[in-house]
Structures are given as C-alpha cells and as structure tokens.
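Subject: Structure for your review

Dear colleague,

I am passing on the structure we spoke about, together with notes on what was found in it. Please read the notes alongside the coordinates.

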Amino acid sequence: KQLSQQSDGDRDLQEHRQRIQALSEETAQSLKRNVYQNYRQFIETAREISYLESEMYQLSHILTEQKGIMEAVTQALLLQADRDDPALGARRAAAADPFLPLSAKDAAANEEGRQRTLTTLLEKVEGCRDLLPESPGKYLVYNGDLVEYDADHMAQIQRVHAFLMNDCLLVATALPNRRGAYRYDALYPLDGLAVVNVKDNPPMKDMFKLLMFPESRIFQAENAKIKKEWLEVLEETKRNRALSEKRRLEQEALPRPAPAPPESTNPFDEDEDEEEEDEPSAEEEVVDLSLEWIQELPEDLDVCIAQRDFEGAVDLLDKLNEYLADKPVSQPVKELRAKVDERVRQLTDVLVFELSPDRSLRGGPRATRRAVSQLIRLGQSTKACELFLKNRAAAVQTAIRQLRIEGATLLYIHKLCHVFFTSLLETAREFETDFAGNNGCYSAFVVWARSSMRMFVDAFSKQVFDSKESLSTAAECVKVAKEHCKQLSEIGLDLTFIIHALLVKDIKGALQSYKDIIIEATKHRNSEEMWRKMNLMTPEALGKLREEMRSCGVGNFDQYTGDDCWVNLSYTVVAFTKQTMAFLEEALKLYFPELHMVLLESLVEIILVAVQHVDYSLRCEQDPEKKAFIRQNASFLYETVLPVVEKRFEEGVGKPAKQLQDLRNASRLMRVNPESTTSVV
C-alpha cells in the first residue's frame with residue numbers, strides 16, 4: 001500500500017513538472033512575439049522622426065532665403081526713402097547709433113549718460129574718489145576682471161578689476177568679504193603706458209603685460225577672446241587719446257587775432273606806428289621751415305621707426321635740434337616740435353620694449369648696446385641704465401635656472417660660478433663701454449651687482465648648505481666661489497665682502513653642526529675607552545698612520561711608536577687628533593674675519609672634551625700601569641697636539657689665539673701634580 005501511494009505521488013509530481021514546462025515554453029514564445037512587435041514599431045517611429053527632421057530642415061532653409069529677400073527689399077526701400085527725404089535718413093541713423101549726436105542737446109545727454117555710468121562704477125572702488133579727478137570729457141571705455149601674476153616667478157598674486165577710461169587705466173583689487181566691491185591699487189595715464197602681448201606658454205596663457213616706466217605688470221584674462229578684446233581696446237583707446245591730444249595742440253597753435261589797440265587822439269601816433277612797422281622785432285624773425293628735409297621729417301621718422309632704423313631716427317632728431325638751436329621759438333616751430341615729440345615718444349617706447357626682459361635674452365650684453373646707445377642719445381641715460389640692468393638681471397636668472405643639477409655638488413658649483421661670474425664680468429665691461437660718460441650710473445650698477453650676488457648666493461646655499469653636504473665639500477665650494485669672485489678685480493670691482501656677508505650665517509651653521517658631530521663622536525669613544533695601546537698588526541698600517549700624523553703636523557710621532565707595529569697611544573687620542581686637525585683645516589678654508597670667534601670657540605669646545613676625559617681618567621684610575629699610560633697620552637695631547645693646533649690656527653688666521661694658549665697653560669697644573677684629585681679644567 002505504501003509503495004502504491006508513493007508511485008501515485010511520483011506520477012502526480014511528473015505531471016506537474018510537465019505542465020510547468022509547457023507553460024514556460026508558451027510564456028517565452030509570447031515574450032518573443034511582443035519584443036519583435038515592439039522592435040518593428042520602434043523602427044517605424046525612427047523612420048517617421050528622420051523624415052520629419054528632413055522636412056523641418058528644408059522648411060528652415062526656405063524661411064532663411066525668404067528672410068534674406070525681405071531684408072534686401074527693405075534695405076532698398078529705406079535707401080529710396082533716404083534719397084527722397086534726407087532729414088528722415090538722418091533721424092533714422094541717429095536712432096540706430098545712440099552715440100551719434102544730432103544736436104548740442106543730444107550731445108549733452110550722451111555725455112551725461114557716460115559720466116553717470118563712470119560715477120556708478122567708481123563708487124564701488126574705495127579710495128579712488130580723491131585720486132581720480134573728475135573732468136567733463138572723462139568716460140568709461142572698458143572694464144573687466146583680471147588675475148595678476150608675478151613677472152619674475154610667474155606666481156599668482158591677486159585678482160583685480162581694471163577700469164579703462166579714455167585717458168587712464170585704473171587697477172583695483174577685489175575685497176575678499178564684499179562681492180562686487182574693490183579697493184584702489186594704481187592709476188596709469190595712457191600717455192606713458194605700453195601694452196605687450198605675452199605668448200602662450202602652457203600652463204601660462206591668455207596673458208598680456210603693461211609697461212609703465214619703471215615698472216611692469218602681467219595680467220591674465222579669462223580666455224583668449226577677452227585677452228584679444230583687452231589688447232584691441234587698449235591700443236584703440238591710446239590711438240584715440242593721441243589723436244585728440246594732437247587736435248588740441250593744433251587748435252592751440254592756431255593764430256589768435258590780437259586785440260585792437262585803443263584809439264589815440266595823439267596826431268603824432270600815426271608817424272610812430274609807421275616807424276615801428278618799418279623796424280621788425282627780433283621775436284618776429286621768420287624761421288625757414290620750408291626745407292624739403294624738414295617738411296618730410298615726421299614721415300621719415302615714422303619710416304625709420306617702422307623699419308627699426310633707430311640710428312637713422314636719432315640722427316634726424318639731432319639734425320633738427322642742431323638746426324633749431326639758435327632759432328627763435330615761433331608758432332610754426334612749436335607745431336613742428338609737437339609733431340616730432342610724438343615720434344620721439346613712439347621711438348622711446350620701441351627702444352624700451354627692445355630692452356624689456358620679455359625680448360630674447362640671447363646674444364649677451366652686446367645685444368642691448370644698440371637700444372641703450374640710442375636712449376642715451378635721446379637724453380634718457382637713467383632709463384637706459386635701469387632697463388639695461390633689468391635685462392641683464394633677467395638673463396642671469398634665466399641662465400642659473402637652466403643649469404641642470406646633476407652629478408656631484410662640486411661639479412654643479414663649478415658650472416654655477418662659471419655662468420654667473422662670467423655673465424657679471426661681461427655685463428660690467430659692457431656697462432663701462434655704454435655708460436662711459438655717465439658717472440652717475442655707476443652707483444646703480446653697484447646696487448645691481450649686490451642684488452645679483454644675493455640671487456647667486458641663494459642658489460649656492462640651497463645646493464651646498466641646505467642639502468647637508470660634508471664640511472670638506474662645503475669648504476671646496478666656497479673656495480671655488482671666492483676664486484671666481486676675484487676675477488671681478490680686473491675691472492676694479494671687489495665683491496668678496498658681499499659673499500662673506502651673505503654666506504656667514506650658513507657657514508656658521510655648518511661649523512657648529514660639524515663641531516657637534518665631532519663632540520658626539522669623541523664622547524662615544526671616551527665612553528668605550530679601555531686605555532690600551534694600539535696594535536696595527538702590519539707595518540703598512542703603521543706607515544699609513546705615520547703619514548696621516550705627518551700631514552696633521554705631528555712631526556715627532558715616531559717617539560710614540562714601539563716594536564712590532566705597536567703604538568704607545570690610545571686609539572681614542574689618535575682618532576681625536578686626526579678628526580680635530582681635519583676640522584681645523586676645512587674650517588680655515590672657510591675662514592674670514594666674521595667667523596673668527598665662531599671657529600675659535602668651536603676648537604676650544606672640541607679640545608675641552610678630550611682634556612676633561614684625560615683629566616677625569618687620570619684622577620680616577622688606580623692601576624699604576626694604566627695611570628702611567630694615561631699620563632703618556634696626556635703628555636702627547638698637551639705637548640704635541642695643542643701646540644700644533646695653535647701654530648696651524650695662527651698660520652691660517654694671521655694672529656695667535658689667546659684662548660688656546662690659556663687652555664694649554666692651564667693644563668700644567670695637572671702635569672706638575674698628577675696625584676691631585678681636583679679637576680683643573
């Protein structure tokens with residue numbers, strides 16, 4: 001019965017599985033049919049959309065053509081109406097251009113609107129109300145946000161907002177906590193402002209430079225389009241400013257009718273007037289300006305400036321000045337001078353740009369001689385001197401930056417000194433050639449040389465002292481710098497004292513750091529001192545030690561050697577002697593008077609460590625043999641090492657050291673009474 005029931009259950013389960021499988025197949029077929037139908041509907045819809053898009057494109061093309069036809073017809077009708085009624089055309093043009101006045105009333109309204117706009121904008125700038133004079137002709141031309149960068153390191157400085165007016169440029173800095181508010185920074189007249197496009201050099205892009213003697217500033221626009229707008233509007237505003245100034249001068253130069261003299265009742269005045277008319281005054285002497293070269297002078301100057309013939313332009317100016325030197329200043333002469341002065345300003349701007357650091361720095365100092373000499377001939381020696389030195393400072397800085405830091409430090413210092421001091425020497429010789437007759441400029445060169453030396457020392461210290469080089473390497477590097485600096489004595493310029501003043505802090509730090517290392521090493525050896533003789537094992541090792549001691553100045557070292565490669569001295573005392581003498585030799589290479597006390601105090605501190613250790617060991621040791629050995633080491637230290645240190649210090653410095661003598665004399669008490677238990681150091 002149980003088996004029968006189980007077989008019935010299996011049969012029911014099998015039938016149930018078959019029904020589920022049949023339903024699954026039917027559902028899958030239904031899903032496939034639905035997906036296929038949806039796909040066909042999607043394809044049909046896409047085709048309809050594509051057809052509608054093509055229809056809309058054709059319709060828009062037809063509408064554009066019809067719009068062009070209507071505009072052409074309208075323009076033709078307007079032209080015909082203007083021909084029929086000129087007054088109507090004038091009114092229509094005025095409506096199209098609000099800045100084209102039709103009457104004095106319209107002009108006043110336009111001017112009032114511009115003035116109101118300028119006043120509204122400048123109310124947002126703190127501190128400019130008193131510095132910016134109000135004039136009826138002043139109006140705002142252009143304004144926008146800029147980012148200012150450092151001209152030397154190309155680092156971002158601040159965000160500014162510039163207001164360009166028809167006669168000046170106002171720069172204001174953004175206030176951090178007040179949106180849309182600014183603080184006055186600088187005001188530059190357009191007459192002395194030069195605009196220079198800065199080539200894009202990623203990541204630095206969309207920049208332009210403003211040159212205002214004697215400074216320059218670099219600004220970055222938001223994008224290339226805004227930069228182009230700034231350059232164009234600045235040049236256009238400067239050009240309009242120059243034209244308006246020229247018209248004003250021409251109007252002022254027009255002859256004004258003299259006031260009629262009061263009628264006189266004296267019958268003899270007529271005879272006197274006739275006599276005065278017969279005798280012309282010296283002021284009314286006519287200057288002949290009809291010469292062909294004078295008439296063509298302004299155009300010739302323009303051609304010379306355009307062709308970069310600076311010498312030819314200055315020759316023409318000298319010729320004119322020589323011709324007008326003894327001539328009276330009449331009205332025609334003033335007009336000619338006004339025309340020429342405008343060309344002189346243009347020529348000066350070009351020469352200033354030639355000397356700007358943005359120009360190529362290749363060619364050395366001689367590449368600037370042409371522009372410098374012409375500026376001097378134009379009577380602008382001070383400006384030429386300043387621009388020349390700025391150009392050379394940029395060249396020296398660029399040369400130092402281009403040096404690749406590779407290999408040993410001493411090799412890099414050799415390259416750095418060669419590049420810097422060669423550039424400095426060439427600049428000095430070129431300066432002496434260009435400014436031979438201007439003695440007042442030499443002080444500016446000395447100041448420039450000092451600032452350049454500071455730039456050199458910064459690069460030198462960063463590589464030598466900041467990288468924690470050994471004292472011997474630092475001493476060699478400083479020695480190389482001093483030797484190159486002596487080359488400047490060929491032209492009578494000694495900057496060694498400047499190197500000493502700039503390096504004294506770093507050298508002090510290096511000496512004290514190395515002194516601390518020696519003291520720590522000596523204390524460590526003293527802590528492990530066993531007061532045993534040295535056994536060098538081989539004659540070669542003993543001979544090497546003799547040579548090392550001889551190089552340290554210890555000539556009587558043989559009396560401290562024994563048989564079979566033994567040395568009757570402690571390893572601690574011998575190591576101390578070698579390390580101290582090496583420190584003294586390297587320190588003397590770095591020595592100059594400002595370091596005298598630093599070196600002397602360092603030596604005294606180092607020697608005291610060894611002296612105190614010997615004194616303490618001699619008083620505390622109870623073994624007679626070890627006590628005799630300690631006394632022998634003390635004798636070597638006091639009678640051999642300390643005199644050698646004193647002698648070498650006196651040779652290197654040029655005068656004896658009283659502190660070292662007192663230290664050696666104080667040790668005599670211990671030699672006289674070695675059994676004393678009190679410290680004498």
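In what follows, buried means a relative accessible area under 20%, exposed means over 50%, and partly exposed is anything in between, with a 1.4 Å probe and protein chains only. Please keep in mind that this is a predicted model, in which local features need pLDDT of at least 70 and side-chain atom pairs count only at pLDDT 80 or more, while totals for chains, interfaces and linings use all residues. Residues are numbered from 1 along each chain as its sequence is written, and side-chain values use heavy atoms, with hydrogens and water left out.

The protein chain has 21 helices and ten strands, where helices (H or I, at least four residues) and strands (E, at least two) are DSSP runs numbered from the N terminus. Of its 681 residues, 36% count as buried. Taking a contact as heavy atoms within 4.5 Å, 65% of the contacts between residues at least 6 apart in sequence join residues at least 24 apart.

The second largest pocket holds about 1100 Å³ of space. A pocket here is an open set of points on a 1 Å grid over the protein atoms alone, where a 1.4 Å probe fits and protein lies on both sides within 12 Å along at least five of seven lines; lining residues have an atom within 4 Å of a point. Grid points are joined across faces, edges and corners, and the volume is the space filled by probe spheres set on the points. Of the 36 residues that line this pocket, K238, A242, E342, R345 and Q346 are the closest to its centre. Elements that each supply at least two lining residues include β6 (194-198), α4 (224-253), α7 (297-306) and α9 (331-354), and α9 gives the largest share, 14 residues. The pocket lies between domain 2 (103-252) and domain 3 (292-495), because both give residues to its lining; the domain bounds come from an automatic or database domain assignment. The lining divides into 14 nonpolar, two polar and 20 charged residues, with Ala, Val, Leu, Ile, Met, Phe, Trp, Tyr, Cys and Pro counted as nonpolar, Asp, Glu, Lys and Arg as charged, and the others, Gly among them, as polar.

C441 is buried at 8% relative accessibility, whereas C620 is partly exposed at 37%.

Two residues other than glycine have a positive phi. D206, in the loop between β6 and β7 (207-212), has phi near 60 degrees and is buried at 10%. M537, in the loop between β9 (534-535) and α16, has phi near 75 degrees and is exposed at 63%.

In helix α16 (residues 539-551) sits L542, which is buried at 7%. Not counting residues up to four places away in sequence, L542 touches L536, T561, C565 and V567, and its C-alpha atom is separated by 8.4 Å from that of V567, 25 residues apart along the chain.

With kind regards
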